[in-house]
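Open the model in your viewer and keep the selection panel at hand. This tour tells you what to select next and what is there.

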Amino acid sequence: MEVIKKGSDNVSAIGPLGCCFPPGTESFRVR
Amino acid sequence: MKLSRFNLWVENYPEQEKHLLFNTRTQALIKVDQELKENLEQLSGPKFNENLNALKENGIIVNNEEEEKLKLKDFFRQLKYESDKLTFETTILTTFSCNFKCSYCFEESVREKIFMDKDTSDLVIQWLINRAEKRKLKKIYLIYYGGEPLLNIRPIYDISWHMQDWARKSGVDFGFGIITNGSLVYPDLIDKFLSVGLKEVRVTIDGDREAHNKNRPFSDGQPSFDLIINNIKCIIDKVKVAVAGNFDRENFSSLPRLLDYLDKIGLLYKLDYFVFAPIVPRLGPKENPSAIELSHCLSFLEKDGLFNEVLSIKRELLKRKLKLRTSGLAINACPLTMQDAGVTIDPKGLIYKCNSLLGYPEFSVGDVHNEEFNQRHDKFLNIDAWDKCPADCPYVPMCQGGCRLFSYLENKNFSDLSCKRDYFDRITPELIKLEYDKLVKQA
């Protein structure tokens with residue numbers, strides 16, 4: 001098994017986060 | 001023990017008998033071989049036991065349904081109330097006025113010759129500092145936007161100067177970016193802004209010369225493409241410049257031609273990143289905001305919509321080894337329902353939590369004269385649309401029950417579901433592949 005991207009229960013440690021509608025696109029606030 | 005209901009498989013990728021497994025809640029992406037896949041289906045076997053701790057840490061395996069429900073609830077609690085740990089991003093509109101007449105402008109019905117005055121920009125500074133001190137914010141990033149923000153540069157300099165000064169004294173990270181049509185940027189201006197915290201200029205170009213000039217002419221109809229390109233050339237060695245582009249079916253095919261042209265003139269690999277997104281519908285006129293305009297743009301969600309175009313332009317960027325800011329596999333964090341998510345301040349000082357609501361005061365959540373938000377803020381904050389989602393939907397953490405603006409456009413209220421599950425079914429496997437390729441190639 002190879003971890004490509006580590007997951008977390010801690011939302012501040014994962015991402016990107018942001019307004020991303022339409023799905024698959026990115027808008028103004030993407031971290 | 002059970003498999004998380006938020007796991008998504010992409011089988012036989014990147015090769016036969018290798019599989020990608022993505023968890024929409026923890027955002028973990030793992031690659032497993034055939035034996036582990038079979039072990040996972042049985043929840044037993046040597047490879048399962050060998051990797052059990054890592055599978056639990058990444059949320060692929062949970063103890064039971066109840067635990068997963070609690071984790072989902074906690075996920076949304078964090079998203080709503082702990083966004084102060086993120087950068088506080090504030091968009092400031094220095095004016096609603098613009099020297100362009102873009103065919104799809106989402107501020108079309110509210111475009112007026114209103115400029116942010118000195119009194120208002122002073123209040124913006126005070127409001128931001130009060131907010132930052134009260135919420136103990138550690139990172140502040142401003143984005144100047146419009147209309148065309150560079151039609152009113154004084155507030156950009158004033159607000160940034162004061163915020164940079166305060167941030168230095170307070171140990172807070174500070175920076176700002178400008179989203180501009182690119183017609184008014186010049187080197188001396190960039191020097192001036194660099195001294196007060198400028199980090200990035202984002203210029204909108206909607207395709208090659210012909211397509212861009214059709215979509216984004218000056219107000220008097222004159223073409224803007226060549227001037228913008230020349231302006232970028234003049235500032236590219238001073239500051240990071242990104243290119244954003246909006247597309248529909250008509251101009252999509254011109255985007256690769258834009259990349260070709262930028263390459264030919266030596267700009268392509270000097271640019272920081274590219275963001276291309278479909279044009280979206282907008283609220284109706286001021287007196288009737290629920291009357292959707294550009295409703296044909298909702299077609300990206302239909303079966304033959306812009307799904308393939310969204311993916312193919314990202315693939316095109318990867319192929320050319322250009323920086324892809326995200327694959328698109330992201331968590332929808334709607335600022336309307338987040339306590340300390342960024343805000344947008346209009347030229348009059350009204351505060352909004354979604355750019356698409358700009359110009360409709362009935363949807364503002366406060367103004368810079370008052371430190372506290374109004375009741376509308378709390379109404380938005382208390383929306384938990386995800387709570388109405390079907391229990392078997394694996395996309396809930398990524399989708400939150402959908403875009404609140406779309407809910408308004410579709411349901412005439414902000415709180416109902418705007419479910420796009422069919423669309424997620426089609427696009428998510430491709431986004432997982434893209435995310436894998438991006439991470440592996442950029443590693």
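Start in chain B. Select strand β6 (residues 88-93) and strand β7 (residues 139-145): they run parallel and are joined by six bridges. Strands here are DSSP runs of E with at least two residues, helices are runs of H or I with at least four, and both are numbered from the N terminus. Two strands count as paired if DSSP finds at least two bridges between them. Which residue is the bridge partner of Thr91(B) in β7(B)? Pick Ile143(B).

A word on the model before you go on. It is predicted; local features need pLDDT of at least 70, side-chain atom pairs count only at pLDDT 80 or more, and totals for chains, interfaces and linings use all residues. Residues are numbered from 1 along each chain as its sequence is written, while chains are lettered from A and ligands numbered from 1 in the order in which they are written.

Now widen the selection to the whole sheet. Nine strands of chain B form an open, mixed sheet, in the order β11-β10-β9-β8-β7-β6-β13-β14-β15. Its edge strands are β11 (274-278) and β15 (366-367), each pairing on one side only.

Leaving out residues up to four places away in sequence, Tyr144(B) touches Ile92(B), Thr94(B), Pro149(B), Ile156(B), Phe176(B) and Ile178(B). Contact means C-beta atoms, placed from the backbone, within 7 Å.

Next, the largest nonpolar core. It has 119 residues, and Ile140(B), Leu142(B), Tyr144(B), Tyr352(B) and Ile432(B) have the most contacts inside it. Such a core is a set of buried Ala, Val, Leu, Ile, Met, Phe, Trp, Tyr and Cys residues joined through C-beta atoms within 7 Å; buried means 20 or more other C-beta atoms within 10 Å of the residue's own. Select helix α14 (residues 421-442) of chain B, which gives the most to this core: seven residues.

Colour chain B by domain. The automatic or database assignment gives domain 1 (1-63) and domain 2 (87-378). Their centres, taken over C-alpha atoms, are 39 Å apart.

Finish with chain A. Here 28 residues of chain A are in contact with 51 of chain B. On the chain A side, β1(A) supplies the largest share, four residues. Last, select β2(A) and strand β12 (residues 331-332) of chain B: they pair in the parallel sense over two bridges. There, Gly18(A) has Asn332(B) as its bridge partner.

Methods:
Contact = placed C-beta atoms within 7 Å. Buried ≥ 20, exposed ≤ 12 C-beta atoms within 10 Å, placed from the backbone.
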